[in-house]
Amino acid sequence: MAPSTSSAITLNINGEKHSLPVDHRTTLLDALRERLDLTGTKKGCDQGQCGACTVLIDGRRAVSCLQLAVASEGREITTIEGVADGEQLHAVQQAFLDLDGYQCGYCTPGQICSAIAVIEEHAAGWPSAATTDVRPEAGVPELSAEEIRERMSGNLCRCGAYVSIVQAVARAAAAETETAETAEAVA
């Protein structure tokens, strides 16, 4: 008897559990869009090169077109649909809206998910290829435009909204820092 090529899995997406049978070859992107109607995550190149399908898995960005759905079981998946807090937009979403960082909007969900991870990676002190001093004692580098461009380089925008995207990420990072500092002062 041949082994089964499908499994029943449970995916934890945006804080909700979704149980579904999937073929073992089904990508997370296809499970999200085709099986769960979470169509905010876009299918761009389907080869992991454009970043349109970027989601957060356990808080880290991942291109969902290269992630198998079965390998995502037991992980916390956040799509663009789960970024806002009810009616309150995430700081990155608000900055994209305020600074016109979305143009046609196709790449925007992946850009926003990636930007959220970029801001967290930067705040944690993770260096990038643009970081000039990677020694731990150097501390967290400034989140300059060059740093943002390097950190966001896996997300392509065919409309060329890069200037606005960089500005939006910088504004959102500043808002996140201000919120964290206010919370520390209150505590």
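Cysteine 45 is partly exposed, with a relative accessible area of 25%; the cut-offs are under 20% for buried, over 50% for exposed and in between for partly exposed, with a 1.4 Å probe and protein chains only. The model is predicted: local features need pLDDT of at least 70, side-chain atom pairs count only at pLDDT 80 or more, and totals for chains, interfaces and linings use all residues. Residues are numbered from 1 along each chain as its sequence is written, and side-chain values use heavy atoms, with hydrogens and water left out.

- Cysteine 45 is in no disulfide, and its nearest cysteine sulfur, in cysteine 50, lies 3.8 Å away.
- Cysteine 104 has its closest cysteine sulfur in cysteine 159, and because the two sulfurs are 3.7 Å apart they are too far for a bond.
- Cysteine 104 counts as exposed, at 59% relative accessibility.

**Largest pocket**
- A pocket is an open set of points on a 1 Å grid over the protein atoms alone, where a 1.4 Å probe fits, with protein on both sides within 12 Å along at least five of seven lines; lining residues have an atom within 4 Å of a point.
- The largest pocket holds about 240 Å³ of space, where volume is the space filled by probe spheres set on the points, and points are joined across faces, edges and corners.
- Helix 3 (108-123) and helix 5 (162-186) are the elements that give two or more residues to this lining; helices are DSSP runs of H or I with at least four residues, numbered from the N terminus.
- Helix 5 supplies the largest share of the lining, 6 residues.
- The lining includes Ile119, Glu120, His122, Leu143, Glu176 and Thr177.
- By class, the lining has 7 nonpolar, 2 polar and 2 charged residues; Ala, Val, Leu, Ile, Met, Phe, Trp, Tyr, Cys and Pro count as nonpolar, Asp, Glu, Lys and Arg as charged, and the others, Gly among them, as polar.

**Histidine 122**
- Histidine 122, one of the residues lining the largest pocket, lies in helix 3.
- Histidine 122 counts as buried because its relative accessibility is 12%.
- Leaving aside residues up to four places away in sequence, histidine 122 touches Val140, Pro141, Glu142, Leu143 and Arg151, with contact meaning heavy atoms within 4.5 Å.

**Second largest pocket**
- About 190 Å³ of space lies in the second largest pocket.
- Among the residues lining it are Cys50, Cys104 and Cys159, together with Gly44, Tyr106 and Arg158.
- Its lining has 8 nonpolar, 1 polar and 1 charged residues.

Technical notes: A disulfide is a pair of cysteine sulfur atoms within 2.5 Å.
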